[in-house]
Amino acid sequence: CESTCPSLELSLSPRQRITVQREIHRLRRALNAAPGKGIPGAPEVQGRLAELERAYEYHGEQTCAACGWCGTVCPVGIDTGNLTHALREESHGRLARGVA
């Protein structure tokens, strides 16, 4: 997938985008696992999550061409472009999907 990514030299590779999104979701699940029960290390988890989300907005979301070329050669069929479209829609509304 890296060989087809037009933004590879600019920011994260498609594989890196997927890895960061997995970590963001893992941290969210950890925080939501037992709401109100005082999760050990919760402040650190919240800080790490906020840091990743903030960094991903530019390095993962805004710099992805969202062209889907990565998905055409991905050995496991992951289309990071579709992921980026979904994230843009989630954060900016349905109009962002049509524009992006």
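**View 1. I78 in the loop between helix 3 and helix 4 of the predicted model.** In this predicted model, I78 belongs to the loop that joins helix 3 (69-73) to helix 4. With a relative accessible area of 29%, I78 is partly exposed, because a residue has to fall under 20% to count as buried and has to lie over 50% to count as exposed. Leaving aside residues up to four places away in sequence, I78 touches I18, R22, C70 and G71. The C-alpha atom of I78 is also separated by 9.1 Å from that of P14, although these two residues are 64 residues apart along the chain.

**View 2. The largest nonpolar core.** Eleven residues form the largest nonpolar core, namely L12, V20, I24, L27, L31, A42, V45, L49, L52, Y56 and L87. Helix 1 (14-32) and helix 2 each contribute at least two residues to this core, and helix 2 provides the largest share of it, with five residues.

**View 3. The surroundings of I24.** I24, one of the residues of the largest nonpolar core, touches L49, L52, E53 and Y56 when residues up to four places away in sequence are not counted.

**View 4. The packing of helix 2 against helix 4.** Helix 2 (residues 42-62) packs with helix 4 (residues 80-92) at an angle of about 135°, and the axes of the two helices are 10 Å apart. The two helices are therefore oblique to each other, since an angle has to be over 145 degrees to count as roughly antiparallel. From helix 2, the residues that make the contact are Y56, G60, E61 and Q62, while helix 4 takes part through L83, T84, L87, R88, S91 and H92. Sorted by class, this contact of helix 2 with helix 4 contains three nonpolar, five polar and two charged residues.

**View 5. The whole chain, as context for the close-up views.** The chain has five helices and zero strands, so that its elements, read from the N terminus on, run α-α-α-α-α. Of the 100 residues in the chain, 34% are buried. Among contacts in the chain with a separation of 6 or more, 54% are accounted for by residues 24 or more positions apart. The chain exposes about 6400 Å², and carbon and sulfur atoms supply 55% of this area.

Definitions and conventions. Residues numbered from 1 in each chain as written. Predicted model: local features only at pLDDT ≥ 70, side-chain atom pairs only at ≥ 80, totals over all residues. Heavy atoms only, no water. Helix = DSSP H or I, 4+ residues; strand = E, 2+ residues; numbered from the N terminus. Buried < 20%, exposed > 50% of the residue type's maximum accessible area, 1.4 Å probe, protein only. Contact = heavy atoms within 4.5 Å. Areas by Shrake-Rupley, 256 points an atom, 1.4 Å probe, with all protein chains shown as cover. Axes fitted to C-alpha atoms, helices over the stretch in contact; angles between N-to-C directions. Parallel < 35°, antiparallel > 145°, perpendicular 65-115°, else oblique. Nonpolar A, V, L, I, M, F, W, Y, C, P; charged D, E, K, R; others polar. Core = buried A, V, L, I, M, F, W, Y, C linked by side-chain atoms within 4.5 Å.
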